[in-house]
Amino acid sequence: MSALTFDILRLLSDGAFHSGEALAQRLDLSRASVWQALQGVEQYGVEIHSIRGKGYRLSQAIEWLDAARIAAAAGDAGKRLSLELFDQLESSNSVLLRRAAQCTSGTVLACEWQSAGRGRLGRQWLGNLGGSLLFSLLWRFEQGVAGLSGLSLAVGVALVRALRLAGIADARLKWPNDVYLPQGKLAGILIEVSGDTLGPSQVVIGVGLNLRLGQMQQQIAQPVAALGQPVSRNQLLGLVLQQMLLVLDQFAVHGFAALRDEWQAMHYLHLQAVRLLAPNGTERFGVVQGVAEDGTLLLDEAGVLQRIHAGEISLREC
């Protein structure tokens, strides 16, 4: 998407009609340039009404990300963050990984749109312009990579805490790194770790969260969900970052063990029958018994308690 397209969409973000002539004058260009810049925006999840004599209007107003409002919503945690906002990135995780050596712990890259967002197991992560939260956080630990087991689960606890603070009472977790509403998947977590076995280590924590679905829903093969009530993007991102820092501080001292009971209380598949899918297509069945202190799944498989590591395994309801 061009920078001009973003400029025009920002002028339309109030949800009112704006004539092509008025937009062209504001941006010092031709009406034809305005028309051209708005072609194809539907592929980004943006719907524009164009009516002769009235002009252009967004079907839904966009609340653009605002660093000051995000930091204010994060409270004291906002003072520990270095927040950078972008109109678009290929992937916030990929960019932050490349820049990690030059960034301080607590650096956050958030963007309105990702052209090549990534999820777990190499899957693509899709989002809507103005209808998603797409961001990555860099964090450094004194302990080594081996001491970070269960970190994705810990981050999930932070997301559900933040959602509940924002009034989303029915948010739940699914092992190992997804957030669900009753309608389907609401958010995903992608953690990429580097460092030494004994330490120190660093992680880039990527999060994608759906506020609204739009046409994106037609491109996803599994049930997905979005927030079913108006929530400020800036307020929610601030709350998420606030809770993430609280959890990361706790994790750095006590590991996942200190968050285990809270995570299990949030897991919507606890004590439920499930099937595990391996990359080669084989399946295993059992009943979820919880998680261990390192975040591995505890599964009762035909009367035998098994420990399942995340790896390439996918967990599904029976």
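Q: Which residues of H1 are buried?
A: A residue is buried under 20% relative accessible area, exposed over 50% and partly exposed in between, with a 1.4 Å probe and protein chains only. In H1, the buried residues are Thr 5, Phe 6, Ile 8, Leu 9 and Leu 11. This is a predicted model, in which local features need pLDDT of at least 70, side-chain atom pairs count only at pLDDT 80 or more, and totals for chains, interfaces and linings use all residues. Residues are numbered from 1 along each chain as its sequence is written, and side-chain values use heavy atoms, with hydrogens and water left out.

Q: What covers the buried residues of H1?
A: Helices (H or I, at least four residues) and strands (E, at least two) are DSSP runs numbered from the N terminus. The cover of the buried H1 residues includes H2, helix H3 (31-37), and strands E1 (48-51), E2 (55-58), E3 (82-89) and E4 (107-114).

Q: How do the axes of H1 and H2 cross?
A: Axes are lines fitted to C-alpha atoms, for helices over the stretch in contact, and angles run from 0 to 180 degrees between N-to-C directions. Angles under 35 degrees count as roughly parallel, over 145 as roughly antiparallel, 65 to 115 as roughly perpendicular and the rest as oblique. The axes of H1 (residues 3-11) and H2 (residues 20-27) come within 11 Å and cross at roughly 120°; the two helices are therefore oblique to each other. Leu 4, Asp 7, Ile 8 and Leu 11 of H1 meet Leu 23, Arg 26 and Leu 27 of H2.

Q: At what angle do the axes of H6 and H7 cross?
A: The axes of H6 (residues 151-165) and H7 (residues 233-254) come within 8 Å and cross at roughly 140°, so H6 and H7 are oblique to each other. Among the contacting residues are Leu 151, Ala 154 and Val 155 of H6 and Leu 236, Leu 239 and Val 240 of H7.

Q: Which members of the largest nonpolar core touch the most other members?
A: A nonpolar core is a set of buried Ala, Val, Leu, Ile, Met, Phe, Trp, Tyr and Cys residues joined through side-chain atoms within 4.5 Å. Of the 64 residues in the largest one, Phe 135, Leu 163, Val 179, Leu 209 and Leu 227 touch the most other members. A second, separate core of 21 residues includes Met 1, Ala 37, Tyr 56 and Leu 58.

Q: Where are Leu 271 and Ala 302 found, and what is the phi of each?
A: Most residues other than glycine have a negative phi, and most peptide bonds are trans. Leu 271, in the loop between H8 (260-266) and E10 (273-277), has a positive phi near 65°. Ala 302, in the loop between E12 (297-301) and E13 (304-308), has a positive phi of about 55°. Leu 271 counts as exposed at 51% relative accessibility, and Ala 302 is exposed at 78% relative accessible area.

Q: Is the peptide bond from Trp 175 to Pro 176 cis or trans?
A: That bond is cis, with omega near 0°. Pro 176 is found in the loop between E6 (172-174) and E7 (178-181).

Notes: Contact = heavy atoms within 4.5 Å.
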